[in-house]
Amino acid sequence: MLTMTGSALLAFQIIGIVLICLLMLLVVRRIDDSQRYRVSALPPGPEAQWFHPGPKAPLKYAQMAEAYGPVFSYRQGNRLIVIINGYKEVVDIMQKHNAELASRPDFIAAGEFLSGGMRTLLVNNGERLRRLRRALHSQLQPTAAVQHKPIQYSCGLDLIIDLLQDPENHINHAKRFAASLIMTMTYGKNTPTYYTDPEVLEINVHTTRLGKVVPAGQHVVDNYPILRHVPFVVSTLRKWHKEELGLFSSMVNVVRTQVEANRAQPSFTTYLLEHQAEYGLSDDELAYLAGSMFGAGSDSTATAITFVIMAAATNPHAQAEIQAQLDLVVGRDRVPTFDDEKALPLVVAFYLESFRWRPISWGGFAHRATSDIIWASNGYVIPEGTTVYGNHWAVGHDSSVFSEPEEFKPSRWLDDTGRLREDISPFTYGFGRRVCIGQHVANNSVFISTALLLWAFNIREDPVAPIDTMNFTDSGTVRPLPFKAIFSPRLDKLEEIVEACRA
Ligand code: HEM
């Protein structure tokens with residue numbers, strides 16, 4: 001009993017000291033800020049010292065942009081946040097000032113503790129980021145992305161067969177496509193992958209944990225960094241890191257054993273093991289580099305495929321147009337392949353429009369200004385240290401670039417001659433120097449799935465179960481919630497043709 005009272009007293013003392021320190025820090029920062037911000041104006045925004053947008057922030061931000069303008073700011077205590085909601089503004093700020101926005105805000109819970117500072121997405125700009133991105137680039141840049149096309153094609157054929165046999169579960173089939181691809185690319189897995197495989201389930205536990213602590217302010221240590229020194233505050237994060245690192249290391253060890261026995265399939269991990277010294281990777285960094293491919297590339301790719309299905313089911317006219325092109329270019333005796341891509345601009349336009357219409361990382365990912373950014377057109381300053389988001393939802397729905405933004409119109413991505421436009425982008429993969437490094441692989445996945453899906457099926461909405469196209473999770477990478485779609489094969493011998501094309 002005495003011991004309990006003693007530790008309670010100690011805890012109160014620590015909390016007291018922490019509160020006093022925080023108060024002092026707040027006063028000093030406010031004096032500092034008020035002096036700096038007088039020089040030029042901050043983008044306008046709510047007055048509150050602690051503003052929280054609430055649920056579905058990207059939609060709320062788009063509404064706020066109508067009141068404050070396309071670039072606005074708000075505060076969360078000491079943190080200053082700027083949200084960019086217009087297409088032109090995102091180009092002017094996120095793209096043109098890419099060097100000053102190449103860093104991340106401090107993700108203390110998710111980056112420092114949960115990921116041990118090793119998850120590429122959360123690493124600050126600097127020497128480690130350069131090493132990690134260079135290693136990833138070797139496998140994911142356009143010329144290297146080509147080598148993954150045969151796996152993507154084969155996963156695409158599986159997707160068609162899965163849908164034919166069990167259409168109800170279409171969301172899980174899209175997840176299977178993405179999981180199989182990543183497991184093969186990363187670890188050289190050559191047995192079929194299912195979304196219910198124990199290792200896939202285990203990776204998903206870790207991805208879900210990460211998703212819980214990434215949003216700024218979700219964990220107390222992000223709001224009060226001084227608490228990082230209080231062991232019980234960060235003990236769960238430390239435990240999660242240990243478990244995640246254990247899993248990632250064990251997966252690398254399997255490949256290491258295969259390499260030693262001379263029976264490893266070439267993969268990202270075999271490449272990293274061979275070039276470990278060249279990239280200066282520790283064993284733990286190597287394990288994280290391989291392991292976090294799944295978190296970064298699996299859910300996002302699966303969501304992209306499911307949004308294509310949703311777009312097709314709710315836009316029969318656009319679907320018919322793309323099928324007419326597929327019939328002309330591919331016919332019905334064989335499946336579409338990557339070789340058809342140049343002749344199928346409508347397929348590309350269809351998925352680009354899907355990216356714009358229902359963005360996957362809908363609020364964008366946080367960047368940090370590492371020096372003051374003067375936004376010349378309006379004379380506003382985005383001070384050093386500000387967290388900056390390009391709001392993908394608002395940018396894709398900017399009516400000055402995308403007329404009738406609620407409408408699904410693939411034709412807006414084509415010029416008068418039917419070629420793909422190069423002057424606009426859906427910005428699905430983010431901005432500047434932190435743009436998604438897996439974008440070429442992801443585009444190939446979405447291209448082959450879209451082509452195969454719409455070649456193989458007429459996809460329809462069930463009149464008695466209309467699809468709510470805004471029914472997705474309110475998370476960093478959104479996930480569409482279950483919806484019914486009817487998949488009617490467009491040819492009698494679909495399975496036969498697909499199987500014949502596997503060779
Ligand atoms: C349709 C699928 C995908 C979407 C929509 C997507 C989207 C994004 C976005 C929005 C970012 C942050 C960009 C920013 O900070 O502005 C990002 C970062 C990243 N993505 Fe993707 N991604 C996809 C697929 C992939 C794949 C397949 C991989 C790997 C195989 C991958 C690996 C990464 C990595 C490593 C980062 C961190 C880059 C950094 O912070 O420097 N992504 N992705």
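Colleague: What is the relative accessible area of Arg256?

Modeller: This is a predicted model, in which local features need pLDDT of at least 70 and side-chain atom pairs count only at pLDDT 80 or more, whereas totals for chains, interfaces and linings use all residues. Residues are numbered from 1 along each chain as its sequence is written, and side-chain values use heavy atoms, with hydrogens and water left out. Arg256 counts as partly exposed, the class between buried (under 20% relative accessible area) and exposed (over 50%), with a 1.4 Å probe and protein chains only. The relative accessible area of Arg256 is 25%.

Colleague: Which residue meets Arg256 in a salt bridge, side chain to side chain?

Modeller: A salt bridge here is a side-chain nitrogen of Lys or Arg within 4 Å of a carboxyl oxygen of Asp or Glu. For Arg256 and Asp283 the N to O distance is 3.9 Å. Asp283 lies in helix α13 and Arg256 in helix α11 (residues 231–260), so the pair ties together parts that are 27 residues apart in sequence; helices are DSSP runs (H or I, at least four residues) numbered from the N terminus. The partner of Arg256 is therefore Asp283.

Colleague: How many residues apart in sequence are the parts tied together by Arg128 and Glu285?

Modeller: Arg128 and Glu285 form a salt bridge whose closest N and O atoms are 2.8 Å apart. Because Arg128 belongs to helix α5 and Glu285 to helix α13, the parts that they tie together are separated in sequence by 157 residues.

Colleague: Which residues are linked with Glu285 in a network of salt bridges?

Modeller: The structure holds 23 salt bridges, among them the one between Arg128 and Glu285. The residues linked with Glu285 in the network are Glu127, Arg128 and Arg131.

Colleague: Which helices are included in what covers the buried residues of α5?

Modeller: Helix α5 (residues 127–140) has 14 residues and reaches 20 Å from its first C-alpha to its last, close to the expected 20 Å, a span taken as 1.5 Å times one less than the number of residues. Its buried residues include Leu129, Arg131, Leu132 and Arg133. The cover over the buried residues of α5 includes α6 (142–145), α8 (170–187), α12 (268–274), α13 (283–314) and α17.

Colleague: How many of the 18 residues of α17 are buried?

Modeller: Helix α17 reaches 25 Å from its first C-alpha to its last, close to the 26 Å expected. Because of its buried residues, α17 is largely enclosed by the rest of the structure, and the count out of 18 is 17.

Colleague: Which residue is the single protein donor to the iron atom of the ligand?

Modeller: Donors are N, O and S atoms within 2.8 Å of the metal (3.2 Å for Na, K and Ca), and sites may look incomplete since water is not among the atoms. The donor atom is an SG at 2.3 Å from the iron, in a residue placed in the loop between α16 (392–396) and α17 (439–456). That residue is Cys436.

Colleague: Which residues does Arg433 touch, not counting those up to four places away in sequence?

Modeller: Arg433 also lies in the loop between α16 and α17, and its C-alpha is separated by 7.8 Å from that of Leu101, 332 residues apart along the chain. With contact taken as heavy atoms within 4.5 Å, Arg433 touches Asn98, Ala99, Ala102 and Arg133.

Colleague: What value is the phi of Lys56 near?

Modeller: Most residues other than glycine have a negative phi. Lys56, in the loop between α1 (2–37) and α2 (57–68), is partly exposed at 37% relative accessibility. Its phi is positive, near 50°.

Colleague: Where does Glu404, another residue with a positive phi, lie?

Modeller: The phi of Glu404 is near 45°, and this residue is not a glycine. Glu404 is found in the loop between α16 and α17.

Methods:
Helices (H or I, at least four residues) and strands (E, at least two) are DSSP runs, numbered from the N terminus.
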